[in-house]
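Here are my notes on the model, as numbered points. Please read them with the coordinates open.

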Amino acid sequence: MNDFPIPLLCPACQTPLPVTPQAVQLGCDGCGARYPQTLGIPDLRYPHPAPDPAEEAVVARLLEAYDRLEYPDLVALRLRLEPGAEAASEDLMAHITEYVLTQPERGRRMIGMYRTALAETFGLPESCFAFDLGCGSGASLFTLAETYEYVVGLEPSLASLLLARKALETHDITNVRLVQGYGQHIPLPAEQFDYANALNVLEHVFEAEAVLQEIHRILRPGGCFAADSRNRFDLFLPEPHVQIRWVGLLPRRWAAPYVRWRTGLTYDHTHLLSYGDLRRALRNAFGEKFRITFAYPSAYGASERADAWVRTLAGIPLAGRLALQVYPSHLAVARK
Ligand SMILES: [Zn+2]
């Protein structure tokens, strides 16, 4: 997109970068840094990580197949290329593929939940500019693109961004810009966005406090943030990424070996936040202007009767507060 109203900034020196969608790299006039660009997606990860041959191989396979395959086949290819995919059972792979393909519906329900909670707590933000932290392969981009004039999706994984690009292209959505980058150094100017969300993302963020401060920086005064966060100390449901229970109760360093032993999957990209972790990170960035509550079960496909039950629980002061500690998923809203 050429006429995008918000410039991208060099993450090293904050100089606006020229936007040339066809270029294979972007050069910064301020510090001379050069950033690769793939199919119009600039790589603004900062600090730039060491080359990862495994990830580059996945990206190369996806690029080779990009024009030839339809979106669902590209998703299936991407999942088969995941490390550990050969060791995982057919059922688990089928479950994960289905999960990715049904993302847009889930994104719609989740954003509906965010908007309900924001309307109840702070009032709805303006519908101008939205930011999607960790947009992945595009779960929330469809709904955001309908609701907001312009949307920026930031995501560290180019493989996921290529899937998002394919999905947007398939649906002729042109008001979304995709950027490869880290939440700790968002390559965008301060005070531009009316709304930011993080859908199924905070559990993959290893420096939640720094990331939420960056979100706060790019929001306009009065701008709002919403996110769900899988609870580390959830006592009720299997861990959704690997479908086994009580992983979060283990000491953090035991979680990955345990998951590998049980399922064959890697678990290095997941870092579930407890209620206390989430509360600390939000307070650090937004002061007192935030609220953490129970994520509505209906946003995850349960009946609305379950929502009513959870709302009743939330209304009981001490029991509600205690239940939040062990409830599967938190819903957080905040305002700048
Ligand atoms: Zn620069």
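1. P189 first. Setting aside neighbours within four places in sequence, P189 is in contact (heavy atoms within 4.5 Å) with I6, P7, L9, R217 and I218. P189 sits in the loop between strand 6 (176–180) and strand 7 (193–198). Strands are DSSP runs of E with at least two residues, helices are runs of H or I with at least four, and both are numbered from the N terminus. P189 counts as buried, at 15% relative accessibility. The scale is relative accessible area with a 1.4 Å probe, protein chains only: buried is under 20%, exposed over 50%, partly exposed in between. P189 and P16 are 173 residues apart in sequence, yet their C-alpha atoms are 8.7 Å apart.

2. Ground rules. This is a predicted model, where local features need pLDDT of at least 70 and side-chain atom pairs count only at pLDDT 80 or more, while totals for chains, interfaces and linings use all residues. Residues are numbered from 1 along each chain as its sequence is written, and side-chain values use heavy atoms, with hydrogens and water left out.

3. The zinc site. Which protein atoms are donors of the zinc ion? They are the SG atoms of C10, C13, C28 and C31, lying 2.3 Å from the ion. Donors here are N, O and S atoms within 2.8 Å of the metal (3.2 Å for Na, K and Ca); water is not among the atoms, so sites may look incomplete. The donor atoms subtend angles of 98 to 114°, so the arrangement is tetrahedral (four donors, all angles between 85 and 135 degrees). The sequence spacing is C-x2-C-x14-C-x2-C. C13 lies in the segment before strand 1 (25–27) and C28 in the loop between strand 1 and strand 2 (34–38), so this pair ties together parts 15 residues apart in sequence. C13 is partly exposed at 28% relative accessible area; C28 is buried at 6%.

4. Helix 9 (residues 275–286). Its buried residues are Y275, D277, L278, A281, L282, A285 and F286. After helix 9 comes G287, with a positive phi near 60°.

5. Strand 9 (residues 290–294). Four of its five residues are buried, so the strand is largely enclosed by the rest of the structure. Five bridges join strand 9 to strand 10 (residues 329–335), and the two run antiparallel. Pairing requires at least two DSSP bridges. R291 stands opposite V333 in strand 10.

Notes:
Four donors count as tetrahedral if all angles lie between 85 and 135 degrees; four count as square planar and six as octahedral if opposite donors are over 155 degrees apart and all others between 65 and 115; anything else is irregular.
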